[in-house]
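Visitor: I would like to go through this model with you. Could we begin once it is on display?
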Amino acid sequence: MDYFEYRNGELYAENVPVADIAAKVGTPLYVYSRRTLQEHYEKIARAFAPLDPMICYSVKSNSNTALLKVLADLGAGFDIVSGGELFRVIRAGGDAGTCFYAGVGKTDAEIRFAIERGIYMFNVESEAEFETIDRLAAEMGRSPRCALRINPDIDPNTHHYTSTGKKESKFGVDVVRGEEFFRRYRNARAAKLVGIHLHIGSPIPTAQPYVEAIGKALSLIDRLKAGGIPVEVLNIGGGYAAWYESAQSVMIEDYAEAIVPLLKDRPLKIVMEPGRFISGNSGILVAEVQYTKTGGDRKFVIVNSGMHHLIRPPLYGSWHFVWPVTPGEEMTPPDRSRQVSLAGLVTCDVVGPICESGDFLGQDRQLPPVSRGDLLAVFTAGAYGMVMASNYNSQPRPAEVLVEHDQFRVIRQRETYEDLVRGEG
Ligand code: LLP
């Protein structure tokens with residue numbers, strides 16, 4: 001579960017009233033719970049312990065260095081997709097030697113930086129990229145490990161923007177090209193091709209697509225072995241869901257039950273890249289009501305945050321639970337479901353200040369009546385929230401705060417107008 005709960009009619013992050021944080025730090029504001037982050041990391045590590053996997057937190061889901069430090073201290077490795085993410089891991093005190101570097105467009109400068117810092121492995125997404133890594137590594141006199149990212153051509157049943165394992169996807173290499181790829185590059189000059197990487201999409205709410213994808217990867221590994229080509233590492237990617245409609249975690253044990261037996265007796269080093277499962281429930285976005293108004297038969301609650309801080313609702317049609325921070329005892333929601341059964345709720349759209357009709361955090365919501373100055377919390381906003389925030393309409397990005405027990409600290413200052421124009425002119 002997460003540690004954002006209502007006590008006596010007001011929302012707490014661990015043991016701190018969210019309204020107190022907002023009063024001190026201002027809004028809009030991301031608030032994270034350290035305990036939630038830690039427990040989710042431990043939960044996935046426990047569920048998959050029979051495989052003794054390297055758990056490489058997907059930095060793209062939330063890359064604040066304070067969060068990366070918490071995870072590095074717990075023993076996590078990292079899934080990175082840019083030189084910038086590698087820089088963040090190092091800045092947070094993480095070990096470059098635990099990083100797996102994926103991404104279809106790695107530049108020469110990024111590849112050199114990663115080789116220089118000694119990352120654990122490149123997840124290679126094309127023939128041309130492998131040749132580039134090999135050439136640069138030879139120039140540097142180094143021998144980086146590589147895994148081939150394959151497309152198992154599985155439909156993960158998620159939004160088509162975040163489905164990545166179909167053969168027509170821009171990621172990886174069609175699985176039928178896998179054998180040829182290994183034969184061609186196994187004795188490359190410098191880079192060592194020793195692994196296979198999968199990541200079929202995100203979020204994937206059931207284990208079945210993983211089972212199918214891992215099955216295809218294992219049969220490729222068996223074919224390669226029969227041809228005298230050993231594969232040492234299998235990276236099964238990320239995509240494990242977060243719970244948007246409850247304070248409970250998704251049952252990571254259900255994924256483990258289906259996946260562990262497939263891999264337990266294989267002489268492979270297993271790697272996982274969970275992002276959202278660890279960071280999703282660990283954060284909320286707090287916004288302040290500016291105005292309420294009506295338009296035709298719709299009611300709008302206008303807040304000081306929106307698509308520029310959390311783009312998931314308009315971009316993917318994602319649903320996040322929204323509720324006042326201090327609703328009082330009678331309006332405390334019994335759960336975070338789509339239908340909250342309380343008397344006196346008002347149907348409204350929660351919208352932001354951005355000059356686009358797609359700027360909403362929630363539509364057709366049943367909320368307690370609110371007025372100017374009230375705070376609203378948007379739940380399960382720890383993953384793909386702040387990392388996808390922008391300065392659109394010249395709106396400074398929110399502050400971020402990390403709560404631990406009854407303490408909190410600012411882990412990213414609110415942007416100022418000066419920050420908006422830094423480097424311009
Ligand atoms: N590994 C690779 C290679 C990935 O591309 C991703 C996510 C992950 C791991 C982590 O996936 P996770 O465990 O966090 O689901 N912005 C979208 C999600 C995009 C995911 C991109 N890749 C969203 O807000 O839903």
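Visitor: Where does the ligand sit?
Guide: The ligand sits in the largest pocket. On a 1 Å grid over the protein atoms alone, a pocket is an open set of points with protein on both sides within 12 Å along at least five of seven lines, and its lining residues have an atom within 4 Å of a point. Sitting there requires that more than half of the molecule's atoms lie within 2 Å of the pocket's grid points.
Visitor: What should I know about the model itself?
Guide: It is a predicted model, in which local features need pLDDT of at least 70 and side-chain atom pairs count only at pLDDT 80 or more, while totals for chains, interfaces and linings use all residues. Residues are numbered from 1 along each chain as its sequence is written, and side-chain values use heavy atoms, with hydrogens and water left out.
Visitor: How many residues surround the ligand?
Guide: The ligand is surrounded by 18 residues, with Ser202, Arg276, Arg312, Tyr316 and Tyr384 the closest; a residue counts as near if one of its heavy atoms lies within 4 Å. This shell comprises four nonpolar, eight polar and six charged residues. Here Ala, Val, Leu, Ile, Met, Phe, Trp, Tyr, Cys and Pro count as nonpolar, Asp, Glu, Lys and Arg as charged, and the others, Gly among them, as polar.
Visitor: Why does the ligand lie between the two domains?
Guide: Both domain 1 (4-32 + 280-421) and domain 2 (34-278) give residues to the shell, so the ligand lies between them. The bounds come from an automatic or database domain assignment.
Visitor: Which polar side-chain atom lies 2.6 Å from a ligand oxygen?
Guide: That atom belongs to Tyr384. From the backbone, a polar atom of Arg276 is 2.7 Å from an oxygen atom of the ligand, and an N or O atom of Gly275 lies 2.9 Å from a ligand oxygen.
Visitor: What share of the ligand's area does the protein cover?
Guide: The protein covers 91% of the 590 Å² of accessible area that the ligand has on its own, by the Shrake-Rupley method with a 1.4 Å probe.
Visitor: Back to the largest pocket: how much space lies in it?
Guide: About 640 Å³, where a volume is the space filled by probe spheres set on the grid points, joined across faces, edges and corners. Its lining has 30 residues, and Lys60, Thr164, Phe171, His199 and Tyr384 lie nearest the centre.
Visitor: And the second largest pocket, how much space is there?
Guide: About 360 Å³. It is lined by 19 residues, the closest to its centre being Pro203, Ala242, Tyr244, Arg312 and Trp319.

Notes. Polar contact = N/O pair within 3.5 Å; in protein donor to acceptor, adjacent residues only side chain to side chain. 1 Å grid on protein atoms, 1.4 Å probe; cavity = no way out; pocket = protein on both sides within 12 Å on 5 of 7 lines; lining within 4 Å.
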